Amino acid sequence: MHKIRSLSAANLAKAVYRFIKRPKTTGGRPSAPLGSRILTNPDDVFKHNMWDHIQWSEEEKKIAKQKAQENSCVKIPITEQGKFDTDAHCYWDKFYERHQNKFFKDRHWLFLEFPELLSSNSHNKSIPKSDHQTETCLSGRSCPDLETSLHQQSAISSKHIPDTSYQEVSMKTNEDVLQNSAFPGQHAPFRILEVGCGVGNSVFPIIKSIKESDAFLYCCDFSSCAIEMVKNHQDYDDSVCHAFVHDICEEKASFPFPPQSLDVVLAVFVLSSIHPVRLQGVVNTLSTYLKHGGIFLFRDYGRYDLSQLRFKKGRCLSENFYTRGDGTCVYFFTKEEVHNLFSKAGLEEIQNLEDRRLQVNRGKKVAMHRVWMQSKYRRPFPPLPP
């Protein structure tokens, strides 16, 4: 493992203690989103694999920025960059052929961070405990009560959608129009789309949750290999899920459902794989498929994450955009970029967080900074008629 910095256990503990504290943001940050394992005693730094809500010192920021500048100073020649865009599906096909469904773990943590994935008829179903909960929510103590988390999220959301008769009529009118169309899941009042679903690490936890509810899940990926594995999975159920091959960068490619038909669009570590020039168009298109009041859920890599700082010289395509050795690509976002991306698509911010954690290799006594972005943006209702 490449060490970002080598420190003795004692010195590392002291350094961590100096800059770890709960972030103070406008309105405060609920304890459940982004975990609640807070390091309060420097002697405990190596007791767990992950610590939440990390605040970087100015020195940490300077070192990270310097490393990113160093590994991006030599860029892949423009003449060689095109293949990473035009042949992206081929690289991902090879990735899934090589790793099958063993590379990523199922994302059971989704429902803690994104309770919006649960329709009203699903909220009463129990949410399974997961490895992520153990990794990020426990500190030798019990995790914050899930109902508290849901109420906190609901309180945030309620600020953005006033409960008015006009909006209710608007939603009912749109749903009546959809019922006259023929498409998979048309009779489900609650519809979710996951883009870039891969081999189903989000799909199957969602399917398990929405069974016997009023929800329907669509999932797509531009890798035909990945979609084939999803459909062949023992838990795939076409009564509640429709998986299909689709390139979200292809502007003329059609979805198997009409515009304004989705309650949720989910993009988890997907948009980062797309060339930055294409990103705005992709988000613009996906947003048109949200109902008024529908929500876009986003989680992806943040600027100066460990994985960015580990890149060698010669792997950079453009600023903060790299290609891995297998040909797949990754971009590293900032909060401002995420906000601009979704705001320009006509969506309003509900949540836009920078998830900073300290990942610990307890065997080697090494601590590594992880940075992810987690955001929620809603499609607003049209203005009230005069």
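## A buried phenylalanine and its partner

F342 counts as buried because its relative accessibility is 0%; buried means under 20% relative accessible area, exposed over 50% and partly exposed in between, with a 1.4 Å probe and protein chains only. The model is predicted: local features need pLDDT of at least 70, side-chain atom pairs count only at pLDDT 80 or more, and totals for chains, interfaces and linings use all residues. Residues are numbered from 1 along each chain as its sequence is written, and side-chain values use heavy atoms, with hydrogens and water left out.

## Aromatic pairs

A search of the whole structure gives 17 aromatic pairs. Rings of Phe, Tyr and Trp (its six-membered ring) pair if their centres lie within 6.5 Å; planes under 30 degrees apart count as stacked, over 60 as edge-to-face and the rest as tilted. F255 and F257 make a stacked pair, at 5.2 Å centre to centre and 25° between the planes. Both F255 and F257 are buried.

F296 and F342 pair edge-to-face, with 4.9 Å between centres and 65° between planes. This pair links distant parts of the chain, 46 residues apart: F296 is in strand β6 (residues 290-301) and F342 in helix α13 (residues 335-343). Helices (H or I, at least four residues) and strands (E, at least two) are DSSP runs, numbered from the N terminus. F296 also counts as buried, because its relative accessibility is 0%. One aromatic cluster is formed by F296, F298, F321, Y331, F333, F342 and Y377.

## Charges over rings

The charged end of R356 is placed over the ring of W56, 4.4 Å from its centre. R299 lies over the face of W109, 5.4 Å from the ring centre. The criterion is NZ of Lys or CZ of Arg within 6 Å of the ring centre and within 35 degrees of the ring normal.

T328 is in the loop between β8 (321-323) and β9 (329-331). T328 is buried because its relative accessible area is 2%. Leaving out residues up to four places away in sequence, T328 touches Y91, W92, Y322 and T323, where contact means heavy atoms within 4.5 Å. The C-alpha atoms of T328 and F95 are separated by 8.4 Å, although these residues are 233 apart along the chain.

## Contact of α4 with α10

In the contact between these two helices, D93, Y96 and E97 of α4 meet S224, C225, A226 and M229 of α10.
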